[in-house]
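Hi there,

Here is the structure I promised to pass on, with the sequence alongside. Have a look at it first, and then read on for what turned up.

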Amino acid sequence: MAVKKQRLVVVGLGMVGIAFIEKLLKYDARTRGYDITVLGEEPHLAYNRVGLTTYFDHRKIENLYLNPAEWYTQVAEGSLGYHLNTTVTGIDSHAKTVSCANGEVVSYDILVLATGSDAILPRHTPGHDATGVFVYRTIDDLIRLMDFAGTKRGSVGAVVGGGLLGLEAAKAMMDLECFAKVRLIERNRWVLSRQLDCDAGSMVVRQVRDLGLDVLLSKRVGKIKVDAQNNVCGVVFEDGEEIDCSTICFAIGVQPRDELARKSGIKCAARGGGIIVNDDLSTSVPDIYAIGECASWQNQTFGLIAPGVEMADVLAFNLTQARLHSPRAFKRPDLSTKLKLLGVDVASFGDYFADRDGPKYLPPKYAKASKTVANGGTTGSSGSDTTVKSLTYKDPFQNVYKKYIFTPDGKYLLGGMMIGDITDYVKLVPMVKGMKELDIPPSQLILGAKTDGDEGDDLDDDTQICSCHNVTKGDVVNLVKDGTCKDLGAVKSCTKAGTGCGGCMPLVTTIFNKTMLSMGNEVKNYLCPHFNFSRADLYNIIMVKRLTTFRDVMQEAGNDKDSSGCELCKPAVGNMFSSLWNRHVMDKPTHGLQDTNDRFLGNIQRNGTFSVVPRISGGEITPDKLVAIGKVAKKYNLYTKITGGQRIDMFGAKKQDLLDIWAQLVAAGMESGHAYAKSLRTVKSCVGTTWCRFGVGDSVGMAVRLEERYKSIRAPHKIKGGVSGCVRECAEAQSKDFGLIATDKGFNIFVAGNGGAKPRHAELLAKDVPPSEVVPILDRYLMFYIRTADKLQRTARWLENLPGGIKYLQEVVLEDKLGICASLEAQMQELVDSFFDEWAEAIKTPAIASKFRQFQNTDDTIENMETEKDRGQERPVYWTNDSAGEDFRGLRDRWSTTTWQPVLEASHFDGADESPNGISATIKRGDTQLAVWRFRGRFYATQQMCPHKRAFVLSDGLLGQDPCGGRAGDAPQKQSSPWVSCPHHKRNFDLDDGACKTDSSLSIATFPVETRDDGLVYLKLPPVEELDAALGTKKWMVRKGESGEAPFAELDRRIQFVGIRGKKPSARPHASGGMTSRPVELMAGGGMWECARLVRSR
């Protein structure tokens, strides 16, 4: 059943009225809950009242329209109706109708008054009603002035009022080119006295006089001289002086149009006029609101357009978005102005008269600190919270004037004014509005920062860039420069950088690329030796040609059409398939492409077990689910830890137990948290308005919605989100790949932040986004990243390398510069709609479930590493510091005897030749673990243990093989033997001879393999006792104490750490008198007084 739309009537089709309609239509675009009727008194559509003087350039009213006539008819049918030449004469708030002068009666559910203001005509001044007296407010006022001026050519025209409107009117009269002279009459000692001080205003006077305007200062009009026909013939001032003129235009201010409200019983301000409104813009009558110049808020009316537009935004937001967000309140408006008046650039911002009148408001941090100092008397000063300091720059040669006003400590900008050079206006206004402490000296805002020449590279050559292997930047640079390393693979092989945790690779890549470029070499961003395409190029090929298998991709874009790829390109292509087609990563066509964690839907840990992380969207979880997690962890003896993303991580799950663990979690209503994938991990949140007294927005609700939307979507790298309910930023949203911070207008959206090896603060993509518009913007941003990022490139590095940076991203995502926003949204929606829980699918799919065994030839299980208790939980012992340096490769020549022994049915490997990674099996023989593969028509067998960390994991590694012809740039050669890449740290071992391609000190044992007619796979093995003596699990499993002294042993001795402490019932405070004097006595050398000085200087 369709929801009945509300009837919303707007009285007034001015700049504020149309702004309200535009914003309401935008906020209401998805729900369409309102039918709008606007009643305009003038015969014109909404036009730019501020730009009236441009009318002389074209003499076409349509050119002033804020929206063309077609816009009003293109709005969704029924959403907007407009009436011109329609004056509203009455409001019946009981019947909820408005009456019009033409007899029409219009019903409303909600009524918005945007009646604006009238120009003031001084009716107490004799002669105010004479022919030739005008005001400057509307198009009709301007047309009447033009028509009259045409009859007074060669005479003198006068403008009364030297404010913004007066200077505009003076320009209009000069542009008419009818008057021999135009005079501006101002009662103050300078013009623009409401925006500028005497020095600035006087500089404007000199400039406009140079432009031909005759400015009369300190003059008040006493009366208007008229002839016998009541035509204007001059002005008499209060001081007795007179001037002759034929035309007078008054531009001395405006008064709110509140007469309709007054006679309809709506409360209006007694002094100054205006319809009284609350912070939500509501009037004294229910369902009636007032906005713009007709509204009186806290006994103030505003004659500028900006406060009216802000009112329109607040009201439109509350009528459409408040049910999704905290209602907004109209707050102290920003009265900053930037105009070009008679060719002179003028701007004022913030509290621009704070030095003259005292500050109207102070940044909260400064006010609090000032109050503390005043109360404590530390600085010996008083009244510091009512004084300011200003910096002034004056250049009479270039007609530039700048005055910036600061708090006395120079840490906060309060306001200022500018003439001539106003380029910094857009930078300074946010500084004032944000009330943030300056990180530069005040002088730099006017004079700019001093520079001492170009800076060098960010990092010195002795800077460590790989902590796992103590590799410095200089190590990489020198190897590249002397020709030893021509690609990243060679860098990894020579230095071991990137072969540990891998976190340094983005930095290593950057250093390699910059060094190559500095030598004049071309840096190719190819995915790997198998493809002469970048990740982004290959992604687009796969998307456009709708390729769905690795073989298709290799045939279409590979350098060797028959190749099965390597450990670099396989997971990258698998990731692209997931981000395009979203099939289960363990399905047969794609399972062989998955790297380490995706292979078994869990992060592989040091001892070959896995972690289990259920999804906890937004960090919100019920007690029942907490109990379910606890039961699972207790049953399987899992080590548990709260993650940084507000989830619960369970470590130590054995491969053969994963299905049972998942089944119990799924039964409790949980699903995969995708902690293992290059996909959305979490959307962290604070509690926001759900509980927090400072909350502005529902951060939990938004975080849950975003996590539920983007969960499982694969990307070039992991994605993390955050939503904070206010600017206190408890969710650390500005350190996430996307982060939202609630404002009273919606959410600020930040992008491309991350922690990790090189932390980066997120950048502001969009400000004050309504809740209903957050998802479309994030859809576009994330999909654009997925399409264009490099392999394993986080959003932070992606944005840094994106030509044009954040500005270009805004153009693409917000302004649709490339015309792809609809495509990005549609593609994201397809991925969202294709969601399934990978754990649940694995449980119920026999072909996938069969993979979750430790060994394929037996149901026996075996521990791969000793464990020890730590803080009440079991964890693997620390890795040994040294690798297993034994010559395993040479075992084939040292066996006493070998025989062919059956190990597994050959049917296990059915379909292996069609899989990009073949099919592997883990075999238990005695106490020894062996790995067997069928790959590209051949069988291979090796030990299961990777000697690097003595981890029994090789059967789960990706296989790779150089393309025919070798790697790029190499001489042609025959097809090389394949290698297996260890899942832990990517040590690559040749499957034929056991040599390690990335570390010559390591090797593995290999064994002959064959199949026989009995349907079994046979390995040529030594006797079990001899095999176990050389490769047995008990021999090589890492045991407690092998790593040496515990890493924190010295610290524990120093601080006498004995574990997690708790107060015992019998314990008492160590000293009833509080802190002893010992710490003070130990502050030798005047340290105590230095500390005190530092405290005072803050």
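**Cavities and a buried strand**

Four cavities of 30 Å³ or more were counted. Please keep in mind that this is a predicted model.

The largest cavity holds about 240 Å³ of space. Its lining is made up of 20 residues, and those closest to its centre are Asn607, Gly608, Thr609, Gln854 and Asn864. By type, the lining of this largest cavity splits into nine polar, six nonpolar and five charged residues.

The other part I would point you to is strand 16, residues 247-250. In a regular strand the side chains alternate between the two faces of the sheet.

Which strands pair with strand 16? Strand 9 (residues 133-135) runs parallel to strand 16 and is joined to it by three bridges; valine 135 has phenylalanine 250 as its bridge partner there. Strand 10 (residues 156-160) is also parallel to strand 16, with four bridges between them, and glycine 157 stands opposite threonine 247.

Best wishes

Conventions:
Residues are numbered from 1 along each chain as its sequence is written. This is a predicted model: local features need pLDDT of at least 70, side-chain atom pairs count only at pLDDT 80 or more; totals for chains, interfaces and linings use all residues. Side-chain values use heavy atoms; hydrogens and water are left out. On a 1 Å grid over the protein atoms alone, a cavity is a set of points where a 1.4 Å probe fits but cannot get out, and a pocket is an open set with protein on both sides within 12 Å along at least five of seven lines; lining residues have an atom within 4 Å of a point. Grid points are joined across faces, edges and corners, and a volume is the space filled by probe spheres set on the points. Ala, Val, Leu, Ile, Met, Phe, Trp, Tyr, Cys and Pro count as nonpolar, Asp, Glu, Lys and Arg as charged, and the others, Gly among them, as polar. Buried means under 20% relative accessible area, exposed over 50%, partly exposed in between (1.4 Å probe, protein chains only). Helices (H or I, at least four residues) and strands (E, at least two) are DSSP runs, numbered from the N terminus. Two strands pair if DSSP finds at least two bridges between them.
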